[in-house]
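Trainee: I'd like to learn how to read a fold like this one. Could we go through it feature by feature?

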Amino acid sequence: MTLRPFLLSVPVLLAMSVGTGVRAVPVIVNGDFEQTTLTSPNSAQITTTNITGWSTTGYNFLFFPGTATTTGAKPTSYNQLYLGGSTTVGASNYFPASSPAGGNFVAADGDFSVGAITQTVNGLTAGLKYAVSFYWAAAQQTGYTGVQTEQWKVSLGSEMYATPVVNNPQQGFTGWFTQTLTYTATSASQVLSFLAVGTPSGAPPFVLLDGVSIAVAVAEPASWMTLVGAVLSVIGVAHLKRRSSRLARLAAAN
């Protein structure tokens, strides 16, 4: 056995490994919530049809830039809904006009008429790990008092993980967080689900969401160590075989 053919194949193996870690398929449809039939600032409660790619039956809303604390959103069965927070830059509860994704965002009640926001993700490969990334924040509906807690429970298929629980002061705004959760696909198509969770009951805690994306997760360090170990092992075996063969030829010549 010679090393040359094997060594020539090593860059290919490494390229395949790196490629598996960075290719960003499949794609979340309308992960920034910009594609919608809703119009600002009225009729902004999300249904199963008015946000492209997403469905929900919960008390969840689409806010357009700058409307959360000003013009608000109109539920289908209640009065206009606003979120607490200051529009003054530098205030401890400053609520910027837009999310980090730059436009519309979703706000979901984690206590009243709770219902997940879902999308079926296609093009997955069973056994591969996928990183789901998104921006999230927490706020309280205006007109209510008390400290709240908020978080998202996020599922891909039957696998569920949660964001940290945040404690939000009365009429506060937490600021935006960046979150990435990693899942292992079990089939080609699975439901991605965001479920708002909030406490206490009766103090409407809202969890916000924007900029949802998915990508194949980067190979874990253990995977790299396994690959490197396999390469070194094969090189070592080939070297020993070549050395034994050389010694045998020298012995025969003497």
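Trainee: Leaving aside neighbours within four places in sequence, which residues is Phe 134 in contact with?

Mentor: Some ground rules before that. This is a predicted model, where local features need pLDDT of at least 70 and side-chain atom pairs count only at pLDDT 80 or more, while totals for chains, interfaces and linings use all residues. Residues are numbered from 1 along each chain as its sequence is written, and side-chain values use heavy atoms, with hydrogens and water left out. Contact means heavy atoms within 4.5 Å. On that basis, Phe 134 is in contact with Trp 152, Val 154, Thr 163, Phe 177, Thr 178, Gln 179, Leu 181, Phe 194, Leu 209, Asp 210, Gly 211 and Val 212.

Trainee: And which residues of the largest nonpolar core touch the most other members?

Mentor: A nonpolar core is a set of buried Ala, Val, Leu, Ile, Met, Phe, Trp, Tyr and Cys residues joined through side-chain atoms within 4.5 Å. Buried means under 20% relative accessible area, exposed over 50%, partly exposed in between (1.4 Å probe, protein chains only). Here the largest core has 34 residues, and Trp 54, Phe 134, Trp 152, Leu 192, Phe 194 and Val 212 touch the most other members. A second, separate core has 17 residues, including Ala 44 and Phe 63.

Trainee: In what order do the five strands of the open sheet come?

Mentor: Strands of a sheet pair through backbone hydrogen bonds, either parallel or antiparallel. Strands are DSSP runs (E, at least two residues), numbered from the N terminus, and two of them pair if DSSP finds at least two bridges between them. The order here is 1-2-10-4-8, with antiparallel pairing. Strand 1 and strand 8 each have a single partner strand, so one side of each has no neighbour in the sheet. Strand 2 and strand 10 are joined by four bridges, and Ala 107 sits opposite Leu 208 in strand 10.

Trainee: What about Gln 140, buried or exposed?

Mentor: Gln 140, in strand 4, is buried too, at 0% relative accessibility. A polar atom of the Gln 140 side chain lies 2.8 Å from the backbone nitrogen of Gln 171.

Note on methods:
Polar contact = N/O pair within 3.5 Å; in protein donor to acceptor, adjacent residues only side chain to side chain.
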